[in-house]
Structure formats: C-alpha cells, structure tokens
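I opened my notebook for this one and wrote down what I looked up, entry by entry. Please follow along with the chain in view.

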Amino acid sequence: MKVSKEKAAENRAAIVKAAGRLFRERGFDKVGVAEITKAAGLTHGGFYGHFASKDALAAEACEAAFAESLDRLPADEASPEGALNAFLTRYLSERHRDQPDAGCPMAAFAGEVARQDPAVQERFGTGVERFFEVVEERLPERDGEGATGRRDRAIAIVSALIGGMALARATAQADPDLSVEILAALRRQLGISGDGGGGTFSRVKVSP
C-alpha cells in the first residue's frame, strides 16, 4: 500500500530517531537495520525506501543527534548560574552519564567515529565544531586574550567534557564511587561546585 508523503516523512523521522538512540547507547557497529526499524515501529523491508545504506542512516542520525543536543542549549540562557555553567552542570551530571541514548553524541561516538563512513565523520566534525563555537560564545572575557586563546579554552573545555564523560561511563558499573569522583572533579576544575543533580553552586567563574 502506498503511503502519503506526510506518512513517509514521519516514518523516515522515526527511523532516524530510533537509530540515534540505539547508536548512542550501543555504538554504530552493534546495531542492525532490522533492530532499528523494529524500534521505530516499522518493518525491515521498508528501510531501503528511505536510505541507500546503513551508513547513510548513520550520517543522518549523527546529524540529528547533534541538533537534538544543541536544541537544549537555549534553555540554559535563563539559568541564574549563567548559560555556560548551566550547560556544564547538565553535561557533568549522573543523569547524563546514565542516559547515553539521549545524551551528547560527542561522548557517545568519539571512540568509534574514525572507523565509520566518511559521511558520518563529516557530520560528526561539523557537530563538534558547532559545540566549540557555542562554548566559545559563552566564555567570560579575559584581558588581553585574543581569538586564538579564547578558542583554545573552548576546545579544552569540550575535550575535557567528552573525555570525562567517557571515563565516568566506563567506570560506573565496576567502581561507581570513582565514576562520581570523575564528574565532581571536572565540575570543580571547570569552576563548578555542587552535586550531579543540579543543586546550588557557590561559584560560577569558569577557568581553563
């Protein structure tokens, strides 16, 4: 039965959304097309009517995952801690650690994206660059700091977030205390004090 353009678009979006969740949770290579379409509530047979290959889907799902993460950032603007600290607090939380399927694609994909199709790598690189820009825009000014120094700080912060979240997730089951310590240490080093649940913070200065 032929479906309408609207229904076809809805089905495609459902596949992309399901793929984004599963890829972030388990990795690109550990999830098959049949599982993705089942999670989207569709049959395997209709997949290739939407995508030429799994790699094509992976590229689109990667882009969509970045868009989803970036769409959350405007809400940080209203935080009394400031936009950057609100973002860092949310990122370095136990909730984010425990929900990779709905979390940051940088932390989820960084370890494996170099082995993926060039289109996936390109979408990932574009998303990372956008996060560098977002953090750089929110950094407090420093006297005498040029554009290069400001961008360096943004790259260092984003890199610390990705690596720290990866380590926190890797140790969460075997050594939960260490996992929590990693998140707390990063919050302190990045100028944030408080717990992973988003409590009250005693300082809001962000330092490298």
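**Entry 1: helix H9**

I began with the buried residues of H9, and found Ser179, Ile182, Leu183, Ala184, Leu186 and Arg187. I call a residue buried under 20% relative accessible area, exposed over 50% and partly exposed in between, with a 1.4 Å probe and protein chains only as cover. Helices here are DSSP runs of H or I with at least four residues, strands are E runs of at least two, and both are numbered from the N terminus.

A word on the source: this is a predicted model, in which local features need pLDDT of at least 70 and side-chain atom pairs count only at pLDDT 80 or more, while totals for chains, interfaces and linings use all residues. Residues are numbered from 1 along each chain as its sequence is written, and side-chain values use heavy atoms, with hydrogens and water left out.

H9 covers residues 176-189, and its 14 residues reach 20 Å from first C-alpha to last, close to the 20 Å expected at 1.5 Å a residue. I take the expected span as 1.5 Å times one less than the number of residues. What do the buried residues of H9 pack against? I found helix H5 (94-98) and helix H8 (147-171), with contact meaning heavy atoms within 4.5 Å. Just after H9, Gly191 takes a positive phi of about 95°.

**Entry 2: the whole chain**

I then stepped back and counted 9 helices and 0 strands. The C-alpha trace spans about 65 × 40 × 30 Å along its principal axes. Of the 208 residues, 43% are buried. Among contacts with a separation of 6 or more, 59% come from residues 24 or more positions apart.

I also noted 28 positive and 31 negative side chains, with the centres of the two sets 3 Å apart. Lys and Arg count as positive and Asp and Glu as negative, leaving out His and the chain ends; each charge is placed at NZ of Lys, CZ of Arg, CG of Asp or CD of Glu.

**Entry 3: the annotated span and Ser69**

UniProt, in an unreviewed entry, places "domain: HTH tetR-type" at residues 9-69. Its positions are in the numbering used here, its feature names are shortened, and annotations may be inferred rather than shown by experiment. I found the span to be 67% helix and 0% strand, with its end C-alpha atoms 22 Å apart.

Ser69 sits in helix H3 (residues 54-71). Is Ser69 buried or exposed? I put Ser69 down as buried, because its relative accessible area is 5%. Leaving aside residues up to four places away in sequence, Ser69 touches Gly103, Cys104, Pro105 and Phe131.

H3 has 18 residues and reaches 25 Å, close to the 26 Å expected. Its buried residues include Leu57, Ala61, Cys62, Ala65 and Phe66. The buried residues of H3 pack against helices H1 (5-26), H2 (33-39), H6 (105-109) and H7 (118-138).

The 22 residues of H1 should span 32 Å, and I noted agreement because the end C-alpha atoms are 31 Å apart. Among the buried residues of H1 are Ile15, Ala19, Leu22 and Phe23, and the cover over its buried residues includes H2, H3 and H6. Just after H1, Gly27 takes a positive phi of about 105°.

Lys7 also lies in H1. I logged Lys7 as partly exposed because its relative accessible area is 36%.
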